[in-house]
Amino acid sequence: MGKLTICDHPLIQHKLTFIRDKDTKTKDFRELVDEVATMMAYEITRDLPLETVTVSTPVIEATSKVVSGRMLGLIPILRAGLGMVEGMLKLIPSAKVGHIGLFRNPETLEPVEYYVNLPSDAPERLLIVIDPMLATGGSANAAIQALKTRGCTQIKLMCLIAAPEGVKAVQEAHPDVDIFLASLDSHLNDHGYIVPGLGDAGDRMFGTK
């Protein structure tokens, strides 16, 4: 079973409170999401392997550590996932970025893939699927499956908040994928919204609510 990590750093939790607040304006919402994404990037990259190199300091030649050959890829789910990419690139600017677009079939309510654009070397990279919300898990599962279908095997999922139902769905469909959250919320309501949640992340991020 994939590991579930709640990024409970006090600064993340502080900023998440204002992200949830319905009175937070679009500009502030976008900036807060960006900041939390940067901080979550520390946690999601915690297990990257290191190798020893030699470096000449102004004082002496010394041995030090660098990340060892683990190339990263950021894969936001359109459109809300876009709001978290820049925050992560501040910390890992060498990561390549791909995109996955999904829409919900109005009859079956199942996610349908309409756009996939990945780095050419995606199967060689550790890919981080990014979406602020993990509600039913339908979109996350579809995005992860889209990557696996294209030969990608190293995949993690990063969300701001999730419902237990969504976490369970991803863990059952993709037990090899680790999940990173800022908060695991209470439940889904009858309309499929996370409770207490933060509303529609895409609408609040792009001012279309």
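Two residues are in contact when heavy atoms of one lie within 4.5 Å of heavy atoms of the other. The model discussed here is a predicted one, and with that criterion Ala201, leaving aside its neighbours within four places in sequence, is in contact with Phe29, Ala80, Pro132 and Met133.

**Annotated positions and the pocket**
- An unreviewed UniProt entry carries the annotation "binding site" for Ile194, Gly199, Asp200 and Ala201.
- From this set, Ile194, Gly199, Asp200 and Ala201 are taken in by the lining of the largest pocket.

**Ala201**
- Ala201 is found in helix α6, and because its relative accessible area is 3%, which is under the 20% limit, Ala201 counts as buried.

**Gly199**
- Gly199 is found in the loop that runs between β13 (194–195) and α6 (201–206).
- With a relative accessible area of 34%, Gly199 is partly exposed, whereas Ala201 is buried.
- Once its neighbours within four places in sequence are left aside, Gly199 is in contact with Met133 and Tyr193; Met133 is also among the contacts of Ala201.

**Nonpolar surface patch**
- Leu4, Ile6 and Leu184 make a nonpolar surface patch of about 210 Å².
- One of these residues, Ile6, is found in strand β1, which covers residues 4–6.
- Ile6 has a relative accessibility of 34% and therefore counts as partly exposed, a value that lies between the limits of 20% and 50%.

Terms used
Residues numbered from 1 in each chain as written. Predicted model: local features only at pLDDT ≥ 70, side-chain atom pairs only at ≥ 80, totals over all residues. Heavy atoms only, no water. Patch = residues over 30% accessible without salt bridge, like charges linked within 9 Å, V, L, I, M, F, W, Y side chains within 5 Å. Areas by Shrake-Rupley, 256 points an atom, 1.4 Å probe, with all protein chains shown as cover. Salt bridge = Lys/Arg side-chain N within 4 Å of Asp/Glu carboxyl O. Helix = DSSP H or I, 4+ residues; strand = E, 2+ residues; numbered from the N terminus. Buried < 20%, exposed > 50% of the residue type's maximum accessible area, 1.4 Å probe, protein only. UniProt positions renumbered as here; feature names shortened; annotations may be inferred. 1 Å grid on protein atoms, 1.4 Å probe; cavity = no way out; pocket = protein on both sides within 12 Å on 5 of 7 lines; lining within 4 Å.
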